[in-house]
Structures are given as structure tokens and as C-alpha cells.
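Please keep the sequence and the coordinates at hand while reading.

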Amino acid sequence: MDVINISPTVNIRIAADYYNTFMAQQAKGENKKDARDVFIYDYQRFIWAFILGIKSGQRKPLVGKTEAAFKWQQINNRTEISRLIIGLCLQEKYGNSPKLLKEDFVKHSKGEYNLGDEIRVMVEEYANKGFEIIMNKTALNLSYIEDFESVVKDILDNENI
Amino acid sequence: MEFKRINLKNFECYYGEENEIIFSPYTTIILGQNTSGKSKFFDSINWVLYDRIYNVDTYSWMESYETFQDILLNKKAILEAIESQKQTLDVSVELEIEDGDKTILITRTYIYSNISKKFKLTNRDLAVSVIKNGFCTDDYSGSEAQTYIIKLFPSKLRDFFLFQGEAASSILKLHKDSKFTEAVKTIAKLERFEKANKVAEEYESNCEAVITKEMRKNKKTADEQESLTDNIEIVKIEIENIQAKIDSQKVIESDTQEKINEAEALLQTNADFQKQFQEREDLKRTQFSLQCQESLIKDSKIELVDNWVFYKIKDKIESFADFYKNLEKQGDVPPSISQEEVRKAIKQCKCTICGTSLQPGTPARQIAESKILACDTDELGNQLKSLNAQFDNTKSDLAHVKEKIASYTDNKAKNQKLRDSIKTQLDELNHKLDTLVITEEQSKTKKELEKAQETIRVNRPINEKAKREIIIQENNLKNKKALIENMKDRLQELANQRTADIDEAKRIELYYAKKLRITMQSLSEKINDIAYGNIEKAANEYYHEMTKENKSCVGTVKIDFKNSDIYTVNEIGERIQNINQANRISIQLAVIAGILTVASDEFGEQYPFVTDAPISDLGGDNKIPTINCMINAFEQAIIILKDDARSDKKSDDEVRKLILSETSITKAYELDVERNEKNTDKQFTKIITIKDEK
């Protein structure tokens, strides 16, 4: 097991608003998978939100009501994705101060500090920011999240958020 | 036929070339003492005619020349020939016979050659000359000559007309194939009747065989008819069974066909509904198929949302490598020297990289120990290495994202089109299905239709099987019927054949063949009876003549075929037992006389009668009557008798008296032995003429 890890059993939380809009949406009545065209699973939507968030370089703390979207295990089972997410967070945190990583690690090792939790919070906050961005995009394009062309266009545009 | 003359040359006791006896056409008497040559004279006649000599020791005939060749040649002639060194010596007998206007001269010759002072037989010859009107008309020699002789004097009669008294009892046996029966057969030409009888029997047998064969064939025919009749009955039963099968299958066919027809009618009247229903079912199947196709399209998005989304932060992915380097350089994570290596060096008190001593207390040691951290930076370093490697891979993948997305987009577009198409079809289907809503009534009809379909499904194979079975059985029926017709035709054919087979002509032929056989048999028996009856009658005449002066000879001669015997019977037919020798000889002579008489009188075959000696044994009262009987019985009799007369009282001899008195005895001779020579071999027989009348 990696020394910096997020517990698989921990719930990944999302602001309730965003949850209701992007997770619970199209999930009632018919089969969720059938209703969604691009990001079929909640974790996929979350990852896209995280990517948009980390692209923006901004974190948005979770305040107010949150919802448990899924357990980290869903992402953790996809090793490549979980490594990328953790790596990106470390890069964001220690990119400018690489020495701090060792120090924080020592503290983490001593139990003074939980680096895994720190990473998890970063992930949630970046995703939170990402959901905000998605929300804005949705305001312009209601079906943005399930608009394949929009999403693809967005993916390929790595200049802008 | 009549013997005229005989001449013996060096034959047995007859020496020289001239030993001639002229025969009387009636009776010739030849008298002689014992060993005077009587039997030898008798032998000469047998020898010239049949090349045989009588063996007085064995009482039998020597038929093979080898058995008697050495005794034939006169001994005196041999002696003289040896003395004079003569190389060859002949024995011959010449017999002259008169047969009507022909004179037949028979000459048999044995030629002996001097081989080491012994004369051995080297050649044999037989010649027959037939002379007519003084000219030789035919000449025969060898086997031809013998054949000619046999024709004149059948072998089967020789023992009767050349009667050797010693052999009387043997020739008077009556069993089948005995000399007596064979002789009678020859005399009466019974052979011809026998042959004719046999031919008739064979002919009848052949006719019977032909008919029997036809009858047998008819039996075969009858058997075949019976067999055919049985078979026809069997086939009739088979036909009934086949018909029953056909009927049964026809019922099944009819029943199932009715059901099928009803079901089809129902389906037909609801054809539209059925069509509609079927269409609905087809649509549903298509719908399902489309939905399956659509579900297959959806699963291919996973790579987009799991991997390609990171293209958005491609720069951050690419910059991680630098971050990692900084961590190494500045962050000391992963550390340049792993914690493990430090611990190992400290333990070893020596740097494992540079070899610096790390003895305790040394500055190097202190530095080393300061590097030991409480936390496991090695593991952190490993994790960071893994992260770096992952980022490196992702960076490589992201280099192709644009192409992949383009390709994916195209496929997606295609899939969408396909999806849209499917959707359109589905919509249409659904629309159609909506229009094909089944009402309750229709639902009921639908059940009936389903039932009808089931009925068809179940009954059609049964119906088709029944139809096939009917075809097969009808074919069988046809074959069986044809078979019966063939058998009936054959029956008729056989019936016609039977009646035609034994045709009337054959029956008539058999009838007359039987008649012919019966007639021939009857004729043969009659001739046989005549022959024997006449012989018996003649024999009795002679017997009574011979024995009239002998009161002890009584009875009648009986030729008894049943018991194969010849004897005398009394007035009431009882056999007279214990007859004496004289009577026995009389009976024998009487029967012989009877045979030859019948041969002459009834069948025109006349033979000279030559007899040697038995009369001599008659003695007493039988002798002269028997001689007289012989004289009377035979046209020509040559009687060779023992001369009982004493030399000094020859004139008192009864036989001599008879010779002189009896006119039919025109020739008589006495045989005497020339005993001048002391050497008995040189003694020979002389022929002395007692009476010579013409």
C-alpha cells in the first residue's frame, strides 16, 4: 500500500447542490446509465470536475451541506486514475516547495499530520471548484455535462478552462 | 447232315496216314476191346470238330490244346521220326460231311517240330472246304473255319450228338443253364423265342418307363400344384393384411387431414389477423434485435471519460517530471541515498557507496546517523517513482488523444446514425405495434389460431406419414396381386400340362406292348413245353423200346423241371426209386434220343448220333434193344461199343449177330491193337472192317 493514500472506504463528498444537479439528475426513474450519454458514472463526473478545478488552479472548500457521492474505492480501483489524481495534488501542494513534502511526510509518519486526508480534501475542493465551472458551463449549455461535442471540445481545449 | 468218312493220321493210337472209317448213312458200329482205341476214335471226332479231348481220368473234357497236345501224337510215329531224324510230324483228322448237296471237308492239323529229339507243338491248323458239284465253293481256315463248324454243329448240342456215356449224368441235369436245358434251347431255337420275349419285355418296359416318367413328372407337377395352391392362400392372407393396413392408414390420414383442413380453414378466415399477429411477432423480434445492437454501441465510451479527459490538464501531466526532479534535488524525496542503504552502511560502519568509514564517533558516522529519519522516506520515494512513471505513461497516451478522439467522434457519429436508424425503426415498429393492439375478442381468436397452428403442427407429420405408408402398402398390394396372378397362371399351365402329358398314343402303345409280351411269353412257353413235352414223349417211346424185354425196367420217363431231375414214374405219377444202372443208362439214352429226335422231327435239325460206350454197360437184356433203339431213333448213328465177344467165339456175340442181321447197319468195324512190337509205344490201332455195305 502506498504511504500517501486515501482510504478506500472514505466517502467522497460533494456539495449538495452540485450533487443534486449532476449526480442525482437523470438518476431517477430510468436507468442511470441509459440516461447519461458522456459521463455515465458519478465518479467520472467527479473526475471531470476535479480536472476542471485543478486546471483552474483554484480550490473551493466544501461549505454547507454535502453529499457522499461515492467511496474512494471506486477511483482507487482504477489505479492509473488514482495515481494521477494524487500526483496532481502533490504537484499542486509541493510544486513550489518540494522540501515541505519531506517535512510533512515526517509529520505524517509521526501521526501529527494525515497527508492522505490532506490530499483527499484537495481532491474534493478542486472537484468542488470544477463543479462550479461545470455549473457555469451548464448555465450556457444546459446539457453541457451530457453534450458529447461540448465535452470533447472542452477536453481538447487545454488552453482554457 | 451226315458223317461220310473220317481219316486219322498219327492221331493218338492211330499210326500212319491211313486210318479211315467210312460211315454208313444209317448205322455204323465200331467194336473194340478195352484200350483198343474206341475212346480215341471218339476223341478224333470231338477233336476235329471242337478241338477237345475227353479225359477218362477226370471224366471231363480237355478244351485247351495245351492240356492234351503232348498226348495227341502217335508214339510209334514219334519214334520213327526221331530215328529218321525227321524234323516235323503232323497229327491230323479229316472228317467228310454231307449236308444236302454240299460236301464239307474238315481237316484239323497239329504240326510238331523236332526240338532236341522231342516233338513240340509248333503250329495248329484248321481248314474247311465246301465242295459243291465237285467244285470247291468255299474255303475257310482258322477261326473262320471254326465258326463255320459251330454253325453246322452248335456247341450246345455237341455233348448230345457226340454222346460220351461217362458224362451222361452231367449232361442230363435240368437246372437253368445246364447242358440239357441249353441243348433243348438250341434244338428248339428257344433262344430266338427267348430273345423275342426279351425284346417284347424290353419294349413293354420301355413303354412303361416312358409312361412312368410322365407319371413321375406328373407327380412333380402335382406337388408343384399343391405347393402353388398353398402359396396362393398364404398370399391371399397377406393381401388381406396389407389391405387392413391400408384401410387403417387411410382412416388416420382422413382424420388428420380433416383436422388440418379445419385448422387451415380457421387460419384462412382469420388470415388478416394471423398476418397481423405474425407481423407483430416479427416486429417484436426486430425490436429486440435493434435494442441488442444499440446496447452494444454504448459501451465504447469508457476510454474517453477515464483517460482522455486528462488531456485537459496535459501541461500539468507533462510538468510532473520536473516536479519529481525537484523533489529529488531539493526535497530529498526520494532521498539520494535510501534509508535502507544508510542503515546498512551504519551497520557495516562503512559507506556502501564511497566506502568512507562510518565508525561510531566519526563525523561521517554522525552525518550518516543524522540521515536516519523516523519516517520511511524510501517508501515515499518508491511511491513518487511510481507516480512519475504513471505520469510518463499518461503523457505518452495523451500524445494520441486528438486522433483517438477524432476516430471516436466519427464512430460515435456513425453509431449515432445507426442508433437513430434503429430508433426510427423502433419507433415505426412501436407505432405499428400500437396499431396492432389485440382486443379481447382478438385475443380469444388468437388462442384459437394458436390452437389451430398447433393442430396443424401435430397432425401434419402424422398425415404425411400415413400417406407414405399408404403408398408403400398399395405398392405391396399391387405386387402381391401380381404374384397371385402369376401363380394362378402357373397352376393353369401345370393343369394343362398334366392332361396332355400321358397322351393316348402312349397308352395304346403300352397296351399292345403288354399284349405282345404276353404273346411272346406264351409262345416261348409253348415252344418250351412243346420241346420238352415232345422230348419227354420221344424219350418214353425210346425208353419203352429199349426196356421192353427187361421186366425190371418199368415206369415212364419224366422230365421234371420243377425238381430239376429226370426219372421214371409209375402209373400214378410217383417217382420210381432205386433204379439200377442199366435203367439209368436207358433213361439217359432215351432222353438223348428224344432230344435229337425232336430236333430232327420238330425243328428240322438233324445230327448224326455218335456214342461211346454206355450201351456197353447196359448188359443183358437192355443192350440189343438199346442198339436197336439207337438205330431206329437216329437217321445216322455211329455206335462205339465194347466188344464183349470172346476172340474165339466172336460169331456168337449178339452184337455181331445184330451187325450181320440188321440191314440198317451197313458199316461195322473192329478196332484192334497191333501188338507185334514189344515196345508198347510202337503198338497202334488197326481198323478192321467187319461189314461194308453200301
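In chain B, the side chains of K4(B) and E98(B) form a salt bridge with an N to O distance of 3.5 Å; the term denotes a side-chain nitrogen of Lys or Arg within 4 Å of a carboxyl oxygen of Asp or Glu. K4(B) belongs to strand β1 (residues 2-9) of chain B and E98(B) to strand β6 (residues 88-99) of chain B, so the pair ties together parts that are 94 residues apart in sequence. Helices (H or I, at least four residues) and strands (E, at least two) are DSSP runs, numbered from the N terminus. K4(B) is partly exposed, with a relative accessible area of 26%, and E98(B) is partly exposed at 29%. Here buried means under 20% relative accessible area, exposed over 50%, and partly exposed in between (1.4 Å probe, protein chains only).

The model is predicted: local features need pLDDT of at least 70, side-chain atom pairs count only at pLDDT 80 or more, and totals for chains, interfaces and linings use all residues. Residues are numbered from 1 along each chain as its sequence is written, chains are lettered from A and ligands numbered from 1 in the order in which they are written, and side-chain values use heavy atoms, with hydrogens and water left out.

A further salt bridge joins R108(B) to D51(B), whose closest N and O atoms are 3.8 Å apart. R108(B) lies in strand β7 (residues 102-115) of chain B and D51(B) in the loop between α1 and β4 (53-55) of chain B, so this pair ties together parts that are 57 residues apart in sequence. R108(B) is buried, with a relative accessible area of 5%, and D51(B) is buried at 10%.

E264(B) lies in helix α8 (residues 190-269) of chain B and R460(B) in helix α16 (residues 440-501) of chain B, so the pair ties together parts that are 196 residues apart in sequence. E264(B) counts as partly exposed at 33% relative accessibility, and R460(B) likewise counts as partly exposed at 31%. Salt bridges also link R5(B), E20(B), E94(B) and E96(B) in a network. Over all chains, the whole structure holds 43 salt bridges.

Leaving aside residues up to four places away in sequence, K38(B) touches several residues, including L31(B), Q33(B), D612(B) and I640(B).

The contact between the chains draws 44 residues from chain B and 44 residues from chain A, contact meaning heavy atoms within 4.5 Å. In chain B, K312(B), K316(B) and Q383(B) lose the most area to chain A, together 18% of what that side buries. Buried area is the accessible area (1.4 Å probe) that two parts lose on being put together, summed over both. Across this interface there are 3 salt bridges; K316(B) and E92(A) meet through their side chains in a salt bridge (2.8 Å, N to O).
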